Amino acid sequence: MRVGIGILGFGTVGGALLHKLVNEGSSVSTKTGLEIDVVRVAVRDLDKTRSVSLPADVLTEDPMEVVNHPDVQLVVEIMGGEDPAGDLVAAALRAGKPVVTANKALISSRGKELIALAEKSGVPLLFEAAVAGGIPIIRPLSETLAGEQIDRVLGIVNGTTNYILTKMAEEGAEYKAALAEAQELGYAEADPTADVSGADAAAKAAILASLAFGTWVAGDRVYTEGIERIDATDLRIAGELGYVIKLLAVAENSEAGINVRVHPTFVPADHPLAVIRGATNAVFVEGPSFDQLLFAGPGAGGAPTATAVLGDVVDAARELLAGAQVAPPIRFQPGRVLDFESASTTWYLRLEVVDRPGVLAQVAGVFGDNEVSIKSVWQEGEDDGATLLLVTHAHNEGRQRATAQALRSLDVVNNVAAVIRVEGAGPTPNL
Ligand code: NAP
Ligand code: HSE
């Protein structure tokens, strides 16, 4: 059975997908019975050298030509960005063509509208590759667990930042050098700011929360902090305390509402997420019926992402050939998305302070004034190099932030050098 597809984009993911379809196409057809015929591929620059050779007339610089081509029955959007990708996806859906996309930026901003459009047209809009690269997580959430109550989703969903943090912690690599390697390996976004600022993980966290809880969570409702300010000192201290620093995505659903956040986190070394290294991703899904499920695997890179895209292409092609009217992945219900201030977390703070009598009392006073309880405090260095390290008990974000703000205005505090959240109850250092 033949299916004509059009592909928007021939970069890291597009190159890997075309390699599978063109160079390994026979294995796809042997396993699935589908002859996937690449009709048109859109690129920005026709003169670039490509990793897979295609007939000259297949490449075009006009993405609308791909969407509108009469032999293109199914569109794969792997060009990235919201514009023009969003309008191209919408045009394909309006034309009754199934769409497969790996674009989390697009789905987290316009997903609700595009899913509704796909439903109206009765065609699938599939985005397995948009979250955690090669790990099947969208399908388990929208199919296997569709009837289940889900309370929490917790994970590492950005390969680039996990690669950087692993290299810095384990090999003492410089931040910039580790980022350059991640780019070289095809893990990073076209603009890697999306990775290191946490925006890419936030988009993925919003998609996971929306599917897990059945309430649409837009990407801009996710509290987001990146890894730009994590330095070697905090990685060392984390290690000495029996912790590692990870960029975590956390989505919680309670009676009060939904809270979704992405931030660097101290994770205990014996936590299963602590051993997730390099570009590997891992996602825990928690609910009363099944306790805890763990999904783990390659979270970025051309080949694993293309695997997820190809799986969606096969799925969408089967639906297309069956002529089925396709239902949306989840029917979203209204729900309350909470402000981040209400989240409760434990914090680690590193303060560069003046080393003289009474300083600790002043610092402790600020915590007391804001009703934040200190779990542990210890000092490194002395005189000009004095550093106070503190771990708090869990308190809501509003209070913790007011505390950090007040510490910045104390004369005896030269610098609030680091404020990092802690997963669990927090370390008690052996002094
Ligand atoms: P990429 O390497 O930057 O490739 C983008 C491709 O799209 C290039 O071929 C580019 O053409 C083409 N393109 C961009 N804008 C275009 C336009 N206006 N008209 C025509 N062609 C255009 O990106 P990628 O890493 O493959 O990522 C693609 C998508 O997959 C993104 O949404 C990304 O978030 C997602 N994703 C990536 C990964 C990963 O590990 N890389 C993993 C999961 C999901 P030229 O080649 O001519 O420049
Ligand atoms: N830039 C992304 C990452 C690609 O590093 O995780 C996978 O979505």
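In this predicted model, a backbone N or O atom of arginine 44 lies 2.9 Å from an oxygen atom of ligand 1, a pair that counts as a polar contact (N or O atoms within 3.5 Å; within protein, one must be able to donate a hydrogen and the other to accept it, and residues adjacent in sequence count only if both atoms are side-chain atoms). Aspartate 45 also takes part through its backbone, with a polar atom 2.8 Å from an oxygen atom of ligand 1. Lysine 48 uses its side chain instead, placing an N or O atom 2.7 Å from an oxygen atom of ligand 1. On its own, ligand 1 has 910 Å² of accessible area, and the protein covers 89% of this (Shrake-Rupley method, 1.4 Å probe; for residues, only the protein chains shown count as cover).

Residues are numbered from 1 along each chain as its sequence is written, while chains are lettered from A and ligands numbered from 1 in the order in which they are written. Local features need pLDDT of at least 70, side-chain atom pairs count only at pLDDT 80 or more, totals for chains, interfaces and linings use all residues, and side-chain values use heavy atoms, with hydrogens and water left out.

The shell around ligand 1 holds 27 residues, of which Phe10, Lys48, Arg50, Glu189 and Gly301 come nearest (a residue is near if one of its heavy atoms lies within 4 Å). By class, this shell has 13 nonpolar, eight polar and six charged residues (Ala, Val, Leu, Ile, Met, Phe, Trp, Tyr, Cys and Pro count as nonpolar, Asp, Glu, Lys and Arg as charged, and the others, Gly among them, as polar). Domain 1 (2-126 + 302-322) and domain 2 (146-298) each supply at least three residues to the shell around ligand 1, the bounds coming from an automatic or database domain assignment.

Turning to the two domains themselves, the centres of domain 1 and domain 2, taken over C-alpha atoms, are 27 Å apart. Their contact takes nine residues from domain 1 and 11 residues from domain 2 (heavy atoms within 4.5 Å). About 790 Å² is buried between them, with carbon and sulfur atoms giving 72% (accessible area, 1.4 Å probe, lost by two parts on being put together, summed over both). On the domain 1 side, Lys104, Ser108 and Lys112 lose the most area to domain 2, together 64% of what that side buries. Two salt bridges cross this interface (a side-chain nitrogen of Lys or Arg within 4 Å of a carboxyl oxygen of Asp or Glu). Lysine 104 forms a salt bridge with aspartate 200, their closest N and O atoms being 3.2 Å apart.

Lys104 and Asp200 are also among the residues around ligand 2. The side chain of lysine 104 has an N or O atom 2.5 Å from an oxygen atom of ligand 2, and a polar side-chain atom of glutamate 189 lies 2.7 Å from a nitrogen atom of ligand 2. Of the 260 Å² that ligand 2 exposes when taken alone, the protein buries 95%.
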